[in-house]
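Have a look at it first, then try each task before reading its solution.

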Amino acid sequence: GLARMYTPGSAGGGDEFGTARLKLSTSLSAALVFYYDHGGLDNNGLFPTVNFVLSANYAATPRLDLSFATTTGLYSTGNYSTAGAPNSFQGSYILSDTSFGAKYLWLPKLATETIYNPRIYYFVDQGYNDTQGRVEQTVSQQFLFLWKPTTSLVAEYRFDTRNYYTANDLNSVGNYALFGFDHTLNPRSTLTARAGVEQRFNQNPTPTQGGSNIYIGPFAQMNFNYAAGKNTILALQARYGTTASGLSNYNQGQQLLLGINASHQFTRRIAANVFLNYQNNYYNQPDSTVDGIEVAPSFSDNVYNAGINASFKVNRVISLLAGYTFSTLLSGNTVQQRNYTQNIAYLGAEFDF
């Protein structure tokens, strides 16, 4: 198990601006994280963290809306709420998640939305990058019917590719047929849901079957954001579908991901949030028995992640930060996936400009 305490010294800032037709929002934060008990870690336990967020929405015409959003960062800790992201310490890595969207209103109750979503994973450690470094790209075509003033029924098709820089035998192509809805509870609260079928053409990394193999299984996702008053926000997410495995001999994992985050502004100066994330990852590689030996046996692992963060705003520029996070991974195959338990506590400061 791992027990680590670190201190981030961070600086950040953000802004929202625009016109009646163009809305822009951006933020940039940077931190230098130091792990006190850094035995076995690179850089003597010192890791930079940078996160950049930019979103834009442009009403090109009364019928056409264009959108752009990106979250790009350099990280050194696990990400438990993003499907396919590392869920354990794997050195520094770059994760860039970007989307380009175009929504067109054809009729008063009928609209279409096309979204292109590239995701880039790059690991500074060459060993991790050889097995997990990749580019994922998704094109989504949605058809929306305004059933009620606050509810749209949605039919959606997605085309998805996973292409590795080095581990090319793990490449795959996916197709999704989904149905669901988008619902607005109030101006600050939304619920979206999709469910349907996922199909993938996989490259086969095992020696018993050439060419590609086909996966067909269920896919579902839900996102719920609820503003319980101006000072309290609750967010829920759930997803079931495949993700890149990051493990040799396995095309993919079938992942159940659940997450909850609650934040509250207690006073003008004091705020806090609590979170809980859970993953169940199942790995099942067909036709992997070679000379009576199971090269890639089926197994699953469970990942738990929970914590609390708090901030105290000293003045307009400086905020004091504190938090604690507990994470653990329990695997049914410790040869492929090492069990771990991690405790992280931190104290730090943020400077907003």
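### Exercises on rings and strands

**Exercise 1.** Classify Tyr104 in this predicted model as buried, partly exposed or exposed.

*Solution.* Start with the relative accessible area of Tyr104, which is 29%. Buried would require under 20%, and exposed over 50%. Tyr104 is therefore partly exposed.

**Exercise 2.** Work out what kind of aromatic pair Tyr176 and Phe219 form, and which strands the pair ties together.

*Solution.* First, take the distance: the two rings are 5.1 Å apart, centre to centre, and a pair needs centres within 6.5 Å. Next, take the angle: 80° lies between the planes, and over 60 degrees counts as edge-to-face. So Tyr176 and Phe219 make an edge-to-face pair. Then place the residues: Tyr176 belongs to strand S9 (residues 172-186) and Phe219 to strand S11 (residues 212-227), so their pair ties together parts 43 residues apart in sequence. Finally, check burial: Tyr176 is buried, at 5% relative accessible area, and Phe219 is buried too, at 3%.

**Exercise 3.** Describe how strand S7 (residues 134-148) is joined to strands S6 and S8.

*Solution.* Begin with S6 (residues 110-123): it runs antiparallel to S7, and 12 bridges join the two. Here Thr112 faces Phe143 of S7. Now turn to S8 (residues 151-164), also antiparallel to S7 and joined to it by 14 bridges. On this side, Thr138 is opposite Asp160 in S8.

Technical notes. Residues are numbered from 1 along each chain as its sequence is written. This is a predicted model: local features need pLDDT of at least 70, side-chain atom pairs count only at pLDDT 80 or more; totals for chains, interfaces and linings use all residues. Side-chain values use heavy atoms; hydrogens and water are left out. Two strands pair if DSSP finds at least two bridges between them. Helices (H or I, at least four residues) and strands (E, at least two) are DSSP runs, numbered from the N terminus. Buried means under 20% relative accessible area, exposed over 50%, partly exposed in between (1.4 Å probe, protein chains only). Rings of Phe, Tyr and Trp (its six-membered ring) pair if their centres lie within 6.5 Å; planes under 30 degrees apart count as stacked, over 60 as edge-to-face and the rest as tilted.
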